[in-house]
Protein chains: 2
Amino acid sequence: MNRFLSHATNRIDAKGRVSVPSMFRAVLARSAVEELYAWQDFVFPAVSMAGPEVLERFERMIGSQDPFSTEANKMSLLIHGGGVFMKLDGEGRLLVTDFIRDFAGITDRVTFAGRGDHFQLWEPAAFEEMQSRARKERTAIS
Amino acid sequence: MNRFLSHATNRIDAKGRVSVPSMFRAVLARSAVEELYAWQDFVFPAVSMAGPEVLERFERMIGSQDPFSTEANKMSLLIHGGGVFMKLDGEGRLLVTDFIRDFAGITDRVTFAGRGDHFQLWEPAAFEEMQSRARKERTAIS
DNA sequence: GTGGTTCCCATTGACGCCCATGGTGGCCCA
DNA sequence: TGGGCCACCATGGGCGTCAATGGGAACCAC
């Protein structure tokens, strides 16, 4: 099953690095993803990551709109201005830059959350809270 | 009849493993399920398990919504972020990870409860209590 | 140079794969 | 119908491998 599933919390070391859970790295490896597209999520206070094909998907959405529309411009502002490419080091860790820290409110620990075709970096407490809130507000599931 | 029925309580060993009742394993074998989809239940403090087709059913529900909506994102947070694939070892045991422990409040024993098309892992006392409460609060049955 | 990266290497604990044991129930056979 | 044998289930533990983490040293840019 080639999806990003589950969640796990890892520590950020003194150099600002954090290990991406091996489960997620395995998914990336299966898709032969070398460079990760990371963007500041549109809904949650979290940074999302996936292979470059997600960026291309976003760009196709913009391409199908009137290039002078406010909508298309706003979307570009988010997916381009709010996005960046990142690489993992030899041990499968990534640098937690201010781009990530500031947007997600992360300090010393990161919760990785699978989202199917991508995964997200959360501040641990924020993730807990949002997930339990979603569970309470559950509507039609099961 | 290919349903998960009855309940049983097994001990977690020193390495954090617990045997899945053979009755449940037999149901899984009949459906040729190799990998189990486990999710943190939406209603009870228990972890549910079933074959991958359940995840696909959940994903179809999400697929029918606007992918940028808060609703769809929250649902994904539960079924993807709150779900994981697990495998049994050669003896039909599964590792009781923190993913399971923390959510269900399990420490040293697990109650397996059949739920028809899936089964659940409960903290024994919590299961007892919830079941007896359900018995009392039963309204429209019979 | 100085600070920030990147590339290695080391450590420790967790996990996966095997094999072993005890206890119970079922089944066969006399 | 009683006894005994056998199969299976729950459980325990050894050991090799890998993941997560820590830290040194080379490297690059300003």
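**Reading a sheet, a buried residue and a DNA surface**

Modeller: A:N10 stands opposite A:V110 in β7(A). This is a predicted model, in which local features need pLDDT of at least 70, side-chain atom pairs count only at pLDDT 80 or more, and totals for chains, interfaces and linings use all residues. Residues are numbered from 1 along each chain as its sequence is written, chains are lettered from A and ligands numbered from 1 in the order in which they are written, and side-chain values use heavy atoms, with hydrogens and water left out.

Colleague: In which order do the strands of the open sheet in chain A lie?

Modeller: Strands of a sheet pair through backbone hydrogen bonds, either parallel or antiparallel. Strands are DSSP runs (E, at least two residues), numbered from the N terminus, and two of them pair if DSSP finds at least two bridges between them. Here six strands follow the order β1-β7-β8-β4-β3-β5 with antiparallel pairing. The edge strands, β1 (7-11) and β5 (83-87) of chain A, each pair on one side only. Five bridges join β1(A) to β7 (residues 109-114) of chain A.

Colleague: Is B:Q120 buried or exposed?

Modeller: Buried means under 20% relative accessible area, exposed over 50%, and partly exposed in between (1.4 Å probe, protein chains only). B:Q120 counts as buried because its relative accessibility is 1%. B:Q120 lies in strand β8 (residues 119-122) of chain B.

Colleague: Which residues surround DNA strand C?

Modeller: A residue is near a strand if one of its heavy atoms lies within 4 Å of it. Among those around DNA strand C are A:K15, A:E91, B:K15 and B:E91. A polar side-chain atom of B:K15 lies 3.0 Å from a base oxygen of DNA strand C.

Technical notes. Helix = DSSP H or I, 4+ residues; strand = E, 2+ residues; numbered from the N terminus. Polar contact = N/O pair within 3.5 Å; in protein donor to acceptor, adjacent residues only side chain to side chain.
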